[in-house]
Amino acid sequence: MKQGKQSWLFQNGVYINDTATVSGPKEKQGPLGSTFDYSYEKLHCDGKTWEQAEQNLLSKATNLCMEKSGVREDALDLIVSGDLLNQNVTSNYVARNYSSSMLCVFGACSTSMESLAIASSLINSQDNQFALAATSSHYATAERQFRYPTEYGGQKPGTTTSTVTGAGAALVSSQTSHIQVEGATIGQVIDYGANDPLDMGSAMAPAATNTIIQHLTDFNRQVHDYDLILTGDLSSVGTPILKKILYQSGVDIETVHDDCGLMIYHQDQKIFAGGSGCASSALVTYGHVIQQLRSGNLNRVLVVATGALLNPTMIQQKESIPCIAHGVVLKRSDAI
Amino acid sequence: MITKDNYQQSIKPYQPKPKLVQNCIKAFVVGGLICVVGQGLTILYMELFGFTAKEAGNPTITTLILIAAILTGFGVYDKLGQFAGAGSAVPVTGFANSIASAALEHKSEGLVLGVATNMFKLAGSVIVFGTVAAYIVGLIRFTAQTLLGS
């Protein structure tokens, strides 16, 4: 049901039954490497092309998630999936292998939480029994679509983020588990005029700010109601901007905030300002965060996945970058 | 106070500044070294084949292009580019890298629509403006020569 201006409260009980995470080699070497279900040793991920590589990541993640949950494929009502590539090719090509309904979504890097929010809402409506929320991104497919050929020797500035290679999937249903999806806040498209495609942290910070403030207002909550407020990929540039704007608005998240893009790599992994891409928030949330909720180290987490709705043609036409952020509340449940 | 109206200005302290002096020095050193290699090749061709300095120019450039294309294929040139910036982008090797990297990138779409169509994606603008600039300079020189009658 609608909660406040932009939020949904899943009052009928929506749960994440299982998740699966699949990463590339660089992510495996990062601090959260041991939390992933599977990691490919090479960036090609057993594919002949980069696009096939990304499909292999997503396909592996959705298959693993279904396997882990034990839910038969014909019982799956719906897949809600999206990625960064034109026409969402990764998601649509992977969905060819399933006999379920498919809802394709695009929210740039916010797709992880957008797909989870939509899947949860459709479970909460009690029209569907099982839904799979999934997303992926790949360094090389994103580079070639949004920026330059991977081997091009142009110098990147320190504000650049590095697209995370990986995929994450979550099976959502009304069957109780330790992880409850309590609610979601659907973001507005926010544009503060940032127009540098190599500095998406700065562009996305206002969108994340807007969603976090709206979330706290809609649910009438305080920052201390959360053990962790996680943003998707604001990087080392966008993170301090987010904190500063929130602080000015009377919201201090310093002690509970972390950014997936800063958690996924070691600082010496040459990733500039941090990780980005749909898989940044998907890998951290569906791996590390879910494990922490299960073990009881965390009780309530707000994941705010941030997306720069970037289009190279619009940038060449001197337009700015509109951004969006979607928040989902994950709560440890003892209902099981 | 950070607001929508002053956003671009007020977030500047959070954006890492490009290290201009350091980048200039790196570009100077690497760019210079590439030219030293080029000079070495010229001398080599002059000594080995008895070319004049002018005749040795073309084989020198071709060899540099070959080296840059091979380094691009082995995944080295982009790392050099990140280190050296303009130092490795401005010489002919940077031009070769822009063509070789685009050709490699689009190999997956086939030889015609992939490699051939896309290989000048980045270098095309250099060729266009290079040709236009050469035409204009040539025109000025021709006009000046005609008017001055020399």
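Okay, quick definition to start: a salt bridge here is a side-chain nitrogen of Lys or Arg within 4 Å of a carboxyl oxygen of Asp or Glu. By that rule, chain B and chain A have two salt bridges between them. One of them pairs B:E105 with A:R144, with the closest N and O atoms 4.0 Å apart.

Some housekeeping. This is a predicted model, where local features need pLDDT of at least 70 and side-chain atom pairs count only at pLDDT 80 or more, while totals for chains, interfaces and linings use all residues. Residues are numbered from 1 along each chain as its sequence is written, chains are lettered from A in the order in which they are written, and side-chain values use heavy atoms, with hydrogens and water left out.

Now, the interface. On contacts (heavy atoms within 4.5 Å), 30 residues of chain B meet 30 residues of chain A. Buried area, meaning the accessible area (1.4 Å probe) that two parts lose on being put together, summed over both, comes to about 2,500 Å², and carbon and sulfur atoms give 56% of that. On the chain B side, B:Y7, B:Y14 and B:E105 lose the most area to chain A, together 26% of what that side buries. A pocket, on a 1 Å grid over the protein atoms alone, is an open set of points where a 1.4 Å probe fits, with protein on both sides within 12 Å along at least five of seven lines; lining residues have an atom within 4 Å of a point. Which residues line the second largest pocket? Among them are A:R144, A:E51, B:H106 and B:K121.
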